[in-house]
Amino acid sequence: MTTLAAAKPAPARKPRHPYRAALATARGRTGLALVGLVVLAGLLAPLLAGHGPTDQSALALAGPGTPGHPLGTDDLGRDLLARLLHGIRADLGIIAVAVPLGAAVGCLLALAAAAHPVADTVVQRVFDLILAFPGLILALAVTAVLGPGRLPVILVIALAEVPAFGRLLRTGILVQSGREYVTAARVGGTSGGRILTRHILPNAADPLVVQIAVSLTVAVFLEGAMSFLGVGVRPPEPTLGAVLSQSMPYLAQAPHFAAGPLVTVTTLVLGLSLTAEALNREIRR
């Protein structure tokens, strides 16, 4: 009699983390590639530029392909490639500080709101007050007090992002607090602080990750708008918005002047948007 060997069951595959799964999609990979390209260009700015961002020459508004100036020069003879790369570096430094700062303040206010109904009312009115000012009006108000510079830009972006993170986390806490596993933990005698840190917050955090990608996109536009209007980082330090603003009088004469910052901002925003969409789709499954 022939004995058949029992087939061994295939080991269960451990499900991938939703963030990894999202970034492994076509949207996620494309978004990361675009963002990584811009970030790498900013990090390697001193090595790739070949000139200082404020170094002037006699070649004003030279076209692309000029020897020593691959992207040409601006109206003061400064190398556009150097100003573009250092502008990316400056923008990334600003939004890398401003968005986490806004997220931290917003989340702390949301936790305070979850602690007591009176605190919740006060925090909601604070969010309403911030939202009552459009981004550019808020920027003008802050720079009117502090003057233009890097710090006011960081504060404006952080303030603008506080309500988004605060209300998102507050909503997540309220939704998770009504779930059965939280009720079971309370019945089992688990303290409120432990329930919040071990159960509620980990399950309410996923939308915040998506919001970070969205807020980075908003921060790019807001910083660019402030620099474009002349209330951002002080010249001659380059930012993408400042380079674009300087190119406006010469669009007909030297369209290459504006091409660099426009392409860069488009690439960065597209990459962040694709990344946010990939994360959002995977988390909502």
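Which residues are linked with Glu277 in a network of salt bridges? The network joins Arg27, Glu277 and Arg281. This report describes a predicted model, and it returns to that network after an account of the overall architecture.

## Overall architecture

The protein chain contains twelve helices and zero strands. Read along the sequence, the pattern is accordingly α-α-α-α-α-α-α-α-α-α-α-α. The chain has 285 residues, and 41% of them count as buried.

The radius of gyration of the protein chain is 24 Å, whereas a compact globule of 285 residues would have a value near 19 Å. Along the principal axes, the C-alpha atoms fill a box of roughly 85 × 75 × 25 Å. Among contacts with a separation of 6 or more, 70% are between residues 24 or more positions apart.

In soluble globular proteins, nonpolar side chains tend to be buried together. The largest nonpolar core of this model has 44 residues, and the members that touch the most others are Ile88, Ile157, Leu169 and Leu268. Helix 4, which covers residues 80–115, supplies the largest share of this core, namely 13 residues. When neighbours within four places in sequence are left aside, the contacts of Ile157 are Ile94, Ile95, Ala98, Val99, Ala219, Leu222 and Glu223.

At the start of helix 4, a side-chain oxygen of Asp79 lies within 3.4 Å of the backbone nitrogen of Leu81.

Ser215 belongs to helix 10, which comprises residues 206–229. Is Ser215 buried or exposed? Its relative accessible area is 0%, and therefore Ser215 is buried. Apart from residues up to four places away in sequence, Ser215 touches Val99, Glu161 and Phe165. Val99 is also one of the residues in contact with Ile157.

## Backbone features in two loops

In one of them, Pro235 and Pro236 are joined by a cis peptide bond, with omega at about 10 degrees. Pro236 is located in the loop between helix 10 and helix 11, the latter being residues 240–247.

The other feature concerns Leu61, which has a positive phi of about 55 degrees although it is not a glycine. Leu61 is placed in the loop between helix 3 (45–49) and helix 4. Because its relative accessible area is 19%, Leu61 counts as buried, the cut-off being under 20%.

## Salt bridges

Side chains of opposite charge can pair when their charged atoms come close. In the whole structure, eight salt bridges are found. One of them joins the side chains of Arg27 and Glu277, with an N to O distance of 3.2 Å. This pair links distant parts of the chain, as Arg27 is in helix 2 (residues 26–43) and Glu277 is in helix 12 (residues 256–283), 250 residues apart. Glu277 also forms a salt bridge with Arg281, where the closest N and O atoms are 3.4 Å apart. Glu277 and Arg281 are four residues apart in helix 12, so about one helical turn separates them.

How accessible are the members of this network? Arg27 has a relative accessibility of 33% and therefore counts as partly exposed. Glu277, at 31%, is likewise partly exposed, and Arg281 is partly exposed with a relative accessible area of 47%. A further salt bridge joins the side chains of Asp74 and Arg78 at 2.8 Å, N to O. In this pair, Asp74 is buried, with a relative accessible area of 0%, and Arg78 is buried at 6%.

How values were computed. Residues are numbered from 1 along each chain as its sequence is written. This is a predicted model: local features need pLDDT of at least 70, side-chain atom pairs count only at pLDDT 80 or more; totals for chains, interfaces and linings use all residues. Side-chain values use heavy atoms; hydrogens and water are left out. A nonpolar core is a set of buried Ala, Val, Leu, Ile, Met, Phe, Trp, Tyr and Cys residues joined through side-chain atoms within 4.5 Å. Buried means under 20% relative accessible area, exposed over 50%, partly exposed in between (1.4 Å probe, protein chains only). Contact means heavy atoms within 4.5 Å. A polar contact is a pair of N or O atoms within 3.5 Å; within protein, one must be able to donate a hydrogen and the other to accept it, and residues adjacent in sequence count only if both atoms are side-chain atoms. A salt bridge is a side-chain nitrogen of Lys or Arg within 4 Å of a carboxyl oxygen of Asp or Glu. The radius of gyration is taken over C-alpha atoms; the globule rule is 2.2 Å times the number of residues to the power 0.38.
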